[in-house]
Amino acid sequence: MAKGLKKHTERLKALNLLGKDLTRRSRSTCELCEVSGVSLNILEIAPVPEEPDRDSCLMACDTCKTFLENPKHEKSEYWRCLTKTLWSPLPVAQVVAVRQLRRLSAQHPWAAELLEHAYLSEDVEQWVEKN
């Protein structure tokens, strides 16, 4: 097995060990759009720590995951759910919300307006900038 593939497989195993804790934390709902009753994925948010850490991961539905990984295929109106996510008690969810809203704000006034009203802790702001 190639070194890279082995490292990737080991990382996935370590992430899967976090799955139960992340599912409990999320209450089996997407931590971005709050949809429930759907398949959820563990997403690591950059910058990724050397060892998987539950605080740098979130549970996301297939739609959120697809749109985050392929922004060209997204429907910008879908991200209006970030209105609530921006105020999440989870720093990792706030980071994703701010990054998405910043990306959308150039073309969508509603995203720019949300960002104007956002309050972020210094730690979250630094994390957002470390993209």
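Trainee: What should I know about the numbering and the model before we start?
Mentor: Residues are numbered from 1 along each chain as its sequence is written. The model is predicted, so local features need pLDDT of at least 70 and side-chain atom pairs count only at pLDDT 80 or more, while totals for chains, interfaces and linings use all residues, and side-chain values use heavy atoms, leaving out hydrogens and water.

Trainee: Which residues touch the most other members of the largest nonpolar core?
Mentor: A nonpolar core is a set of buried Ala, Val, Leu, Ile, Met, Phe, Trp, Tyr and Cys residues joined through side-chain atoms within 4.5 Å. Buried means under 20% relative accessible area, with exposed over 50% and partly exposed in between (1.4 Å probe, protein chains only). This core has 26 residues, and those that touch the most other members are Leu32, Ile45, Leu58 and Trp79.

Trainee: And which element gives the most to this core?
Mentor: Helices (H or I, at least four residues) and strands (E, at least two) are DSSP runs, numbered from the N terminus. β2 (57-61), α2 (62-69), α4 (91-105), α5 (109-116) and α6 (122-129) each supply at least two residues of the core. With 7 residues, the top giver is α4.

Trainee: Is serine 56 buried or exposed?
Mentor: Look in the loop between β1 (40-44) and β2 for serine 56. Beyond its neighbours within four places in sequence, serine 56 is in contact (heavy atoms within 4.5 Å) with Leu43, Glu44, Ile45, Pro49, Val92 and Trp127. Its relative accessibility is 5%, so serine 56 counts as buried.

Trainee: At what angle do the axes of α4 and α5 cross?
Mentor: Axes are lines fitted to C-alpha atoms, for helices over the stretch in contact, and angles run from 0 to 180 degrees between N-to-C directions. Under 35 degrees counts as roughly parallel, over 145 as roughly antiparallel, 65 to 115 as roughly perpendicular and the rest as oblique. The axes of α4 and α5 come within 7 Å, and they cross at roughly 135°. That makes the pair oblique.
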